[in-house]
Amino acid sequence: MTTCSGTEVSRLSAPVAVPQRPGEVPQLAVTSAELRQLSAFLDGAIMDAGVRHQLWRGWGLCPRHSWAYVLIEIERAGGRPFSATILLEDLLARAVHRVRVSPTARLVVRGLRSRGSCVTCDYVAISGRAASRTEPGDPVALELLDLHRSSALLRESWSLLQTVVCADCGAGTGPACRLHLLRGGALRSRAELSQYLDELHARVAMFLRSMTWRGPEVGPAEESSWVEAMGWFYGWAVVLAVTTQPTGGEEMQGASDRL
Ligand SMILES: [Zn+2]
Ligand SMILES: [Zn+2]
């Protein structure tokens, strides 16, 4: 399996902030090949049955590409991340089931480990080095010169989320994120994790319904649920990096440059 770090990255491409490991400083930029593949997902390729099975085995894409996917969706389409939330709702339902049926803490952690490669990493590896170069004038990259839209959503969610941030990722008092559980983070109890994920899944499912025709109106707890789900599955580094930067005008542009 090829890791994200094996791709050629150009600073001319989009400053999508994505971490490799929990707590690691987020990296800038995605390549044209990554943008092409993630954009294909947004155009419907993520619904392919084979792709979905690979996403199940891997608990989604790798952390870096999972964050890139949701940020690209928000920056491209504006509004709320519909496609990414469909996947998060699906994965959370499976995580709840996995925790419930695992008889020991060790098996809970084992069940949350990725057993499949990242679809985007695979695509980049197959397409080769040339395809990974950022092409000048790439129309998708040009739309992603900053993270204004996604930064705004993350900041709006922050006041509700500070207490649920993984203590190993940041200064929160929430449950260990999946990445830290896999690295020996404390699992308080299976029952507590099951209850937490079940409640989070319910809010994500309601948020998803709110984006459909005649869906219910939802409040801040649901509006922020996708951020919390991303934090639990893929670590909180991106959220912490965005929400601790200054806001407004030129400062905001500078913040996205520094992520
Ligand atoms: Zn990946
Ligand atoms: Zn964590």
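1. Basis of the model. This is a predicted model, in which local features need pLDDT of at least 70 and side-chain atom pairs count only at pLDDT 80 or more, while totals for chains, interfaces and linings use all residues. Residues are numbered from 1 along each chain as its sequence is written, and chains are lettered from A and ligands numbered from 1 in the order in which they are written.

2. Confidence. The average pLDDT of the chain (the predictor's confidence in each residue, from 0 to 100) is 79, and 76% of the residues score at least 70. Over residues 139-145 pLDDT stays under 50, and the model has 14 contacts for this stretch beyond four places in sequence, a contact being a pair of residues whose C-beta atoms, placed from the backbone, lie within 7 Å. Residues 248-259 also have a pLDDT below 50, with 18 contacts in the model beyond near neighbours in sequence. Where pLDDT is low, the predicted coordinates should not be read in detail.

3. Overall fold. The chain has 14 helices and zero strands. Of its 259 residues, 42% count as buried, where buried requires 20 or more other C-beta atoms within 10 Å of a residue's own, exposed 12 or fewer, and partly exposed a number in between, with C-beta atoms placed from the backbone. Among contacts between residues at least 6 apart in sequence, 71% join residues at least 24 apart. In helix 1 (residues 32-42), the buried residues are Ser32, Ala33, Glu34, Leu35, Gln37, Leu38 and Phe41.

4. Helix 4 against helix 12. The axes of helix 4 (residues 82-101) and helix 12 (residues 225-234) come within 10 Å and cross at roughly 55°, the axes being lines fitted to C-alpha atoms over the stretch in contact and the angles running from 0 to 180 degrees between N-to-C directions. Helix 4 is therefore oblique to helix 12, given that angles under 35 degrees count as roughly parallel, over 145 as roughly antiparallel, 65 to 115 as roughly perpendicular and the rest as oblique. Ala84, Thr85, Leu88, Leu91 and Leu92 of helix 4 make the contact with Trp226, Ala229 and Phe233 of helix 12.

5. Helix 10 against helix 12. Helix 10 (residues 190-210) and helix 12 have axes that come within 9 Å and cross at roughly 135°, so that helix 10 is oblique to helix 12. Here Leu200, Arg203, Val204 and Phe207 of helix 10 meet Ser225, Trp226, Glu228, Ala229 and Trp232 of helix 12.

6. Val164. This residue lies in the loop between helix 8 (148-161) and helix 9 (178-182), and Val164 is partly exposed, with 18 other C-beta atoms within 10 Å. Leaving aside residues up to four places away in sequence, Val164 touches Gly172, Gly174 and Glu228; the C-alpha atoms of Val164 and Glu228, which are 64 residues apart along the chain, are separated by 7.7 Å.

7. Trp59, a residue other than glycine, has a positive phi near 50° and is found in the loop between helix 2 (49-58) and helix 3 (63-77). Trp59 is buried, with 23 other C-beta atoms within 10 Å. Arg214, also not a glycine, has a positive phi of about 60° and sits in the loop between helix 10 and helix 11 (220-223), where Arg214 is exposed, with 5 other C-beta atoms within 10 Å.

How values were computed. Two residues are in contact if their C-beta atoms, placed from the backbone, lie within 7 Å. Helices (H or I, at least four residues) and strands (E, at least two) are DSSP runs, numbered from the N terminus.
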